[in-house]
Amino acid sequence: MSTETPTVSNAAKTVSHDVLAALGYVKQFAGSTVVVKLGGSILQDDGLLAQICEDLATVRAVGVRVVLVHGGGPAINEELTRRGMTWEFVEGLRVTTPEMMAVIEMTLCGLVNRRIVRALNHTGLSAVGFSGMDAGTLICRQADKRLQQVGEVERVNTQLIDEILMMEDELGYRGIPVIAPIGAGRDGQSYNVNADWAASQIASALGVTKMLFLTDQDGILDTQMNLIPELDAGELLQLIEDGVVKGGMLAKARTILHAIQNKVTDVHIMNARRPHAIVEELFTDHGVGTVCRLRSRRREADLSDKA
């Protein structure tokens with residue numbers, strides 16, 4: 001009878017490490033809530049949307065509650081163009097006339113929101129779509145007279161979100177709220193709310209510790225166009241002031257800064273086209289994209305080494 005000690009290959013060790021790490025993260029996040037913001041350009045790709053919804057189903061299956069907030073810029077552009085309407089942006093926000101508001105509300109609530117709900121329900125989940133107008137979820141005021149019907153969120157009412165998260169069907173599937181960024185004004189008007197700001201405000205109101213921005217970019221880049229894996233609030237503010245962060249990422253960076261200054265511990269910006277990016281970020285040791293924190297762990301480690 002052989003007495004040789006069985007050897008374990010490096011590949012097997014790696015698999016064992018990854019499995020154990022994943023189980024640890026599942027235990028850590030089970031029962032918690034994650035806010036996911038889905039960018040508008042991603043929603044134009046049905047195959048990519050289906051893949052993301054499958055990943056969200058996996059996340060939900062291990063006990064992590066998901067709140068999804070979506071944009072819809074490209075779909076809005078298509079519909080406005082079809083109707084012969086032109087538009088402009090001021091500081092990254094679309095000037096929204098009353099005529100445009102009707103089209104934007106119809107597109108976000110009737111087209112984009114329904115598409116996401118169908119894709120999520122196809123995975124077996126119980127997705128419930130609504131806008132910030134419903135149940136007074138997003139109460140707004142006019143952000144700037146120049147922007148007309150663009151809203152700034154004054155208050156978030158989480159009651160409807162909480163009820164959907166606790167909803168359970170006969171198969172034991174819990175609900176996923178899918179929220180279109182249309183807010184209600186105290187004046188009875190509907191307001192176009194930047195989806196990044198809506199997601200940030202909702203995350204803060206729910207008291208979540210983790211928030212994911214799924215975009216068409218790998219994360220936040222430095223002046224050499226290299227990915228920055230981790231940023232704290234001071235570093236992110238410096239990038240904004242220095243003009244390194246610009247374009248579409250500028251408005252996003254400001255909302256991220258708001259989130260981490262209002263109790264959201266980790267905000268991740270990642271490329272939605274990276275296969276299974278959500279699962280990789282939540283349940284592995286591999287960092288995906290850029291993570292922003294009030295105070296980075298790297299800086300805390302540096303201060304600890306100097307102490």
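Two strands are taken to pair if DSSP finds at least two bridges between them. Helices (H or I, at least four residues) and strands (E, at least two) are DSSP runs, numbered from the N terminus. The structure is a predicted model, in which local features need pLDDT of at least 70 and side-chain atom pairs count only at pLDDT 80 or more, while totals for chains, interfaces and linings use all residues. Residues are numbered from 1 along each chain as its sequence is written, and side-chain values use heavy atoms, with hydrogens and water left out.

The chain contains ten helices and 14 strands. Of its 307 residues, 48% count as buried; buried means under 20% relative accessible area, exposed over 50%, and partly exposed in between (1.4 Å probe, protein chains only). The accessible surface of the chain comes to about 15,000 Å², and 51% of this surface belongs to carbon and sulfur atoms. Accessible areas come from the Shrake-Rupley method with a 1.4 Å probe, and for residues only the protein chains shown count as cover. Among contacts (heavy atoms within 4.5 Å) between residues at least 6 apart in sequence, 72% join residues at least 24 apart.

Strands of a sheet pair through backbone hydrogen bonds, either parallel or antiparallel. An open sheet with mixed pairing is formed by four strands in the order E7-E6-E9-E10. Strand E7 (151-156) and strand E10 (190-192) stand at its edges with a single partner strand each, so one side of each is left without a neighbour in the sheet. Neighbouring strands of this sheet are turned by 50° against each other on average, direction ignored; axes are lines fitted to C-alpha atoms, for helices over the stretch in contact, and angles run from 0 to 180 degrees between N-to-C directions. Strand E6 (residues 138-142) and strand E9 (residues 182-185) run parallel and are joined by two bridges. Ile139 has Ala184 in E9 as its bridge partner. Helix H6 packs on this sheet, where it touches E6 and E7, and its direction makes about 15° with that of E7.

A second open sheet is made up of eight strands in the order E5-E8-E2-E1-E11-E13-E14-E12, again with mixed pairing. Its edge strands, E5 (126-131) and E12 (230-232), each pair on one side only. Here neighbouring strands are turned by 20° against each other on average, direction ignored. Strand E1 (residues 33-38) runs parallel to strand E11 (residues 210-215), and five bridges join the two. Within this pair, Val36 stands opposite Leu212 in E11. Helix H7 (residues 233-241) packs on the sheet and touches E12 and strand E14 (290-293), its direction making about 90° with that of E12. Helix H8 (residues 248-260) lies across E1, E11, strand E13 (266-271) and E14, and runs at about 155° to E13.

In helix H5 (residues 159-166), the buried residues are Ile161, Ile164 and Leu165. They cover an arc of only 100° around the axis, which puts them on the same side of H5; the arc is that of the directions from the helix axis to the C-beta atoms. The buried residues of H5 pack against strands E1, E2 (65-70), E5 and E8 (175-180), and against helices H2 (46-61) and H6 (195-206).

Gly234 lies in helix H7 and is partly exposed, with a relative accessible area of 43%. The C-alpha atoms of Gly234 and Leu257 are 9.2 Å apart in space, whereas the two residues are 23 apart in sequence.

Most residues other than glycine have a negative phi, and most peptide bonds are trans. Gln148, in the loop between E6 and E7, has a positive phi near 60°. This residue is partly exposed, its relative accessible area being 31%. Lys263 also is not a glycine and has a positive phi, of about 80°. Lys263 is located in the loop between H8 and E13 and is exposed, with a relative accessible area of 74%.

A search of the whole structure finds zero disulfides, a disulfide being a pair of cysteine sulfur atoms within 2.5 Å. Cys109 counts as partly exposed at 24% relative accessibility, whereas Cys292 is buried at 0%.
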